[in-house]
Amino acid sequence: MASIVNMQTRIARRLSNTSLRYWIIEFLRRQPKERQYRALVLRFIKDRTAALLLVEVGLQATAWVSVGAQIGDEVEVKVEEAHPRDDIIYLKEVVR
């Protein structure tokens, strides 16, 4: 009985997380293209591709970052494309 409840709880949590991510990406899609967001570099995946945390909305995504960026640095990014149904978001660093 307990294992069934645990499994159902995990499924419900996963659905909730998926729904929340969908609506965050939809929110970002509806924002003006020129809007910039603060992002925190969490880790590097490959070369200059980094896992980022969009601070304002709490969404994790990936993007290329400038050479010299370190884990823990804050960068400015823009949303290039957002497709919530496909769970796709493309970010681009704003280089000053």
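Analyst: Glu 74 is partly exposed, with a relative accessible area of 47%; here buried means under 20% relative accessible area, exposed over 50%, and partly exposed in between (1.4 Å probe, protein chains only). The model is predicted, so local features need pLDDT of at least 70 and side-chain atom pairs count only at pLDDT 80 or more, while totals for chains, interfaces and linings use all residues. Residues are numbered from 1 along each chain as its sequence is written, and side-chain values use heavy atoms, with hydrogens and water left out.

The partner of Glu 74 in a salt bridge is Arg 38, with the closest N and O atoms 3.1 Å apart; the term requires a side-chain nitrogen of Lys or Arg within 4 Å of a carboxyl oxygen of Asp or Glu. Glu 74 belongs to strand S4 (residues 74-83) and Arg 38 to strand S1 (residues 36-46), so the pair ties together parts that are 36 residues apart in sequence. Helices (H or I, at least four residues) and strands (E, at least two) are DSSP runs, numbered from the N terminus. Arg 38 is also partly exposed, at 33%.

Elsewhere, a network of salt bridges links Glu 26, Arg 29 and Arg 30. Glu 26 is buried at 6% relative accessibility, whereas Arg 29 is partly exposed at 44% and Arg 30 is exposed at 59%. Glu 26 meets Arg 29 at 2.6 Å, N to O, and both lie in helix H1 (residues 2-30), three residues apart, about one turn of the helix. Glu 26 also forms a salt bridge with Arg 30, whose closest N and O atoms are 2.6 Å apart; these two residues of helix H1 are four residues apart, again about one turn. Across the whole structure, the search finds four salt bridges.
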